[in-house]
Amino acid sequence: MAKGITVKVEGLKDLENALKQLPQANAKAVLRRTLKEAGEPIARAARAKAPKFEMHLSESIDVGTKLSRRQAGLHKKQSPVEMFVGPGPDPAAHLDEFGSVHGPAQPFMRPAWDENKSKALDTIANLTWVEIEKTAARLAKKAAKGK
């Protein structure tokens, strides 16, 4: 069984500290917005690379926080905020990606990741700061209005 790709980015201690200054729900929302934005180029590339004879496959590729029941059964949550990029619940999608005895591999997810991982990591690093600043300003405005 293939495992998902885990990325650990180090050197973002200031970012982590800034997120800790926000209420937990707001910090999670910042990360969800950022991760969704960072995952979109990967999803677009995967849709373009998915085998054309299976239109439902390319249409099912998305960025989101939920996995299908089958996918969730294989996943161990490792972070308070997770975002997934990939095909929907079609149990045969992995056969296109990795191949089988009945047909060769037609990778679409891995090449999409390889082409976009640097951009995704840059988006995460940069957009998270923007989202933190927007959220902090919104919270400050709300607090000033409440006084």
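## Around Arg110

Let's start with Arg110: with a relative accessible area of 45%, it's partly exposed (buried means under 20%, exposed over 50%, partly exposed in between, using a 1.4 Å probe and protein chains only). Its side chain meets that of Asp114 in a salt bridge, 3.1 Å from N to O (a side-chain nitrogen of Lys or Arg within 4 Å of a carboxyl oxygen of Asp or Glu). Asp114 is partly exposed too, at 37%.

## What you're looking at

This is a predicted model, where local features need pLDDT of at least 70, side-chain atom pairs need 80 or more, and totals for chains, interfaces and linings use all residues. Residues are numbered from 1 along each chain as its sequence is written, and side-chain values use heavy atoms, leaving out hydrogens and water.

The average pLDDT (the predictor's confidence in each residue, from 0 to 100) is 86, and 91% of the residues score at least 70. Helix α2 comes out highest, at 95, and helix α4 lowest, at a mean of 75.

## The bent helix

Helix α6 covers residues 109–146. At Asn116, α6 bends by about 55 degrees (the angle between axes fitted to the seven residues ending there and the seven starting there). Its buried residues include Trp113, Asn116 and Glu131.

The whole structure has eight salt bridges. One of them joins Lys134 to Glu131, with the closest N and O atoms 3.8 Å apart. Lys36, Glu40, Arg47 and Asp62 are linked in a network.

Note on methods
Helices (H or I, at least four residues) and strands (E, at least two) are DSSP runs, numbered from the N terminus. The expected span of a helix is 1.5 Å times one less than its number of residues.
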